[in-house]
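Subject: Structure handover

Hello,

Here is the structure I promised to pass on. Please open it first, then read the notes below.

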Amino acid sequence: MTEPERWTRATVHPDMWADPDDDPRNNDGPGQDGELGTLQDCLTNYRLTLRMKCDDLDPEQLARRSVPPSTMSLLGLVRHLAEVERDWRNWITDGEPLPKLYGRRDGDFEGAVADQAVADAAFRELEREQAALDAELAAFPDLGERVGKDRIAIRELLVHRIEEYARHCGHADLLRECVDGRVGQ
């Protein structure tokens with residue numbers, strides 16, 4: 001396999017993904033006030049980073065397992081994060097758990113095939129699951145409140161979400177560079 005040449009669209013800082021004026025994570029003005037706003041802002045930025053790493057790729061590139069023998073791909077990461085967002089909803093309920101989106105274990109990665117309909121569905125599912133959990137968590141303004149069968153604190157769940165996205169954004173950096181050589185934060 002030929003290694004792609006490393007490149008970036010950034011012209012201001014050559015180690016960045018995009019120029020500051022083109023980066024949707026940049027905003028003018030101060031950050032969010034308070035702990036909840038800070039945590040939500042951080043999560044939003046990681047979500048945007050994952051989307052940015054997937055931008056401008058076709059289904060074959062999104063589904064490419066570019067670091068063998070791993071089954072990981074950018075599309076697999078999107079599907080995996082949709083699955084875990086759904087699972088986190090199970091953490092905050094005392095009721096019956098929601099069923100898995102992709103069935104068996106590793107179905108999120110193994111089902112990440114080079115098909116436009118699969119790719120489109122994965123991004124829709126991720127957005128739907130993110131919005132559903134965000135809406136459910138909005139009912140708990142006290143970050144110390146403990147919920148669900150395991151009595152997890154809302155703060156702990158929010159930090160865990162950030163941690164999961166941060167870890168997978170690191171994977172996405174490497175996967176994207178292997179796909180087409182694009183680099184940057």
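Predicted model: local features only at pLDDT ≥ 70, side-chain atom pairs only at ≥ 80, totals over all residues.

**H5 and H6**

Start with this pair. H5 and H6 pack at an angle of about 160°. Their axes are 12 Å apart. The two helices are therefore roughly antiparallel to each other. H5 passes H6 in a left-handed crossing. On the H5 side, the contact is made by Leu126, Gln130, Leu133, Asp134 and Leu137. H6 brings Ile154, Leu157, Leu158, Arg161 and Tyr165. By class, this contact has seven nonpolar residues, one polar and two charged.

**H3 and H5**

Now turn to helix H3, residues 74–91, and helix H5, residues 116–137. Their axes come within 8 Å and cross at roughly 25°. That makes H3 roughly parallel to H5. H3 passes H5 in a left-handed crossing. The residues of H3 in this contact include Leu75, Val78, Leu81 and Trp88. Those of H5 include Val118, Ala119, Phe123 and Leu133. By class, the contact has twelve nonpolar, one polar and eight charged residues.

**The nonpolar core**

In soluble globular proteins, nonpolar side chains tend to be buried together. Here, the largest nonpolar core has 40 residues. Leu62 and Leu75 have the most contacts inside it. Helix H1 (34–54), helix H2 (59–63), H3, H5 and helix H6 (154–180) each supply at least two residues of this core. Which helix gives the largest share? That is H6, with nine residues.

Leu62 deserves a look of its own. Leaving out residues up to four places away in sequence, Leu62 touches Cys54, Leu57, Ser73, Leu74, Leu75, Ala119 and Phe123.

**Val118**

Val118 sits in helix H5. What does Val118 touch, not counting residues up to four places away in sequence? The list is Leu75, Arg79, Gly111 and Val113. Arg155 is 37 residues from Val118 along the chain, and their C-alpha atoms are separated by 33 Å.

**To sum up**

H5 takes part in both helix pairs: H3 runs roughly parallel to H5, while H5 and H6 are roughly antiparallel. Leu75 belongs to the contact of H3 with H5, and Leu75 is also touched by Leu62 and by Val118.

Best wishes

Conventions: Residues numbered from 1 in each chain as written. Heavy atoms only, no water. Axes fitted to C-alpha atoms, helices over the stretch in contact; angles between N-to-C directions. Helix = DSSP H or I, 4+ residues; strand = E, 2+ residues; numbered from the N terminus. Parallel < 35°, antiparallel > 145°, perpendicular 65-115°, else oblique. Left-handed = near helix turned anticlockwise from the far one by under 90°. Contact = heavy atoms within 4.5 Å. Nonpolar A, V, L, I, M, F, W, Y, C, P; charged D, E, K, R; others polar. Core = buried A, V, L, I, M, F, W, Y, C linked by side-chain atoms within 4.5 Å. Buried < 20%, exposed > 50% of the residue type's maximum accessible area, 1.4 Å probe, protein only.
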